[in-house]
Amino acid sequence: MNAMTDQETLLVEWLADMNEDDALELAKKMLFDEKADALRVLELCRMAMDEVGRRFEQGEYFLPELVLAGEMLETIGALAKPLISEDGEGAQKLGRVLLGTVHGDLHDIGKNIVGFMLDINGFEVKDIGIDVPVAEFLAAIREFDPQVVALSGFLTLAFDSMKETIEAIERAGLREGRKIMIGGGQIDNAVCAYTRADAFGVNAVDAVTLSKGWIGVAA
């Protein structure tokens with residue numbers, strides 16, 4: 001990523017500090033008055049949400065802060081999305097991606113960004129929410145029949161939930177013919193191997209690139 005301007009740094013700081021009114025006004029100014037790149041604004045939001053997540057893990061923030069952060073992201077995303085997807089209306093969907101945060105984890109900020117980016121890149125996305133039980137993932141796979149299943153989780157306890165979910169998908173005979181990606185928080189190659197996922201992504205762009213590659217679309 002390019003070096004941030006003072007204004008971009010300020011947006012990240014205000015979002016991370018829960019300065020809701022000022023952050024939303026600045027985001028609107030950047031998007032509509034200054035015609036800033038909407039994807040850049042969303043990437044700044046992701047950076048801010050990463051900091052929110054770190055503060056939550058360290059005990060500085062609690063569930064209310066996570067909820068507020070998610071609401072701010074949703075508001076900015078609703079403003080930014082039409083500026084990105086205007087040329088994509090009516091396009092045929094590339095494939096189906098099932099997305100959810102595994103059980104025991106209430107984190108939805110990163111998941112929402114991934115779903116948003118997959119959507120504007122032409123995928124049909126089914127987001128089944130947060131703290132999703134294994135049985136609900138299995139039911140959604142049977143109903144939606146996705147080519148890609150994306151498991152999200154920020155907290156370290158989510159690693160075991162991811163492993164449990166993937167093992168259940170295998171036992172149910174639902175893994176063949178589809179790929180599973182994981183993402184969020186401290187996920188790396190070791191966690192990917194532990195959970196038996198096909199791959200992991202460190203950001204929403206990775207999720208899009210992996211999905212396109214698996215479905216056979218040039219990234």
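This is a predicted model: local features need pLDDT of at least 70, side-chain atom pairs count only at pLDDT 80 or more; totals for chains, interfaces and linings use all residues.
1. Strand E4 (residues 179-183) pairs with E5 in the parallel sense, over three bridges. Within that pairing, Gly-183 stands opposite Gly-201 of E5.

2. Stepping back to the whole sheet, you will find five strands in the order E2-E1-E3-E4-E5; the sheet is open and the pairing is parallel. The edges are taken by E2 and strand E5 (199-201), each of which has a single partner strand, so one side of each is left without a neighbour in the sheet. On average, neighbouring strands of this sheet are turned by 25° against each other, direction ignored.

3. Strand E1 (residues 96-101) deserves a look of its own. Five of its six residues are buried, so the strand is mostly covered. Four bridges join E1 to strand E2 (residues 124-127), and the two run parallel. Five bridges join E1 to strand E3 (residues 148-152), again with the strands running parallel.

4. In E2 the residue opposite Leu-99 is Asp-127, and in E3 the residue opposite Leu-99 is Ala-150.

5. Now to the charged side chains. Glu-8 lies in helix H1 (residues 6-16) and Arg-40 in helix H3 (residues 38-57), so the pair ties together parts that are 32 residues apart in sequence. Both partners fall under the 20% cut-off for buried residues: Glu-8 counts as buried because its relative accessibility is 10%, and Arg-40 counts as buried because its value is 16%.

6. The salt bridge between Glu-34 and Lys-29 has its closest N and O atoms 3.8 Å apart. Glu-34 is partly exposed, with a relative accessible area of 38%, and Lys-29 counts as partly exposed at 39% relative accessibility.

7. Glu-170 and Arg-175 form another salt bridge, with the closest N and O atoms 2.6 Å apart. Elsewhere, salt bridges that share partners join Asp-17, Glu-51, Arg-54 and Arg-55 into one network.

8. Last, the surface. Which residues make the nonpolar patch of about 300 Å²? Its members are Leu-63, Val-67, Leu-106 and Ile-130. Leu-63 lies in helix H4 (residues 63-85). At 40% relative accessibility, Leu-63 counts as partly exposed, because that class covers values between the 20% limit for buried and the 50% limit for exposed.

Technical notes:
Residues are numbered from 1 along each chain as its sequence is written. Side-chain values use heavy atoms; hydrogens and water are left out. Buried means under 20% relative accessible area, exposed over 50%, partly exposed in between (1.4 Å probe, protein chains only). Two strands pair if DSSP finds at least two bridges between them. Patches are made of residues with over 30% relative accessible area and no salt bridge: like charges are joined within 9 Å, nonpolar side chains (Val, Leu, Ile, Met, Phe, Trp, Tyr) within 5 Å. Accessible areas come from the Shrake-Rupley method with a 1.4 Å probe; for residues, only the protein chains shown count as cover. A salt bridge is a side-chain nitrogen of Lys or Arg within 4 Å of a carboxyl oxygen of Asp or Glu. Axes are lines fitted to C-alpha atoms, for helices over the stretch in contact, and angles run from 0 to 180 degrees between N-to-C directions.
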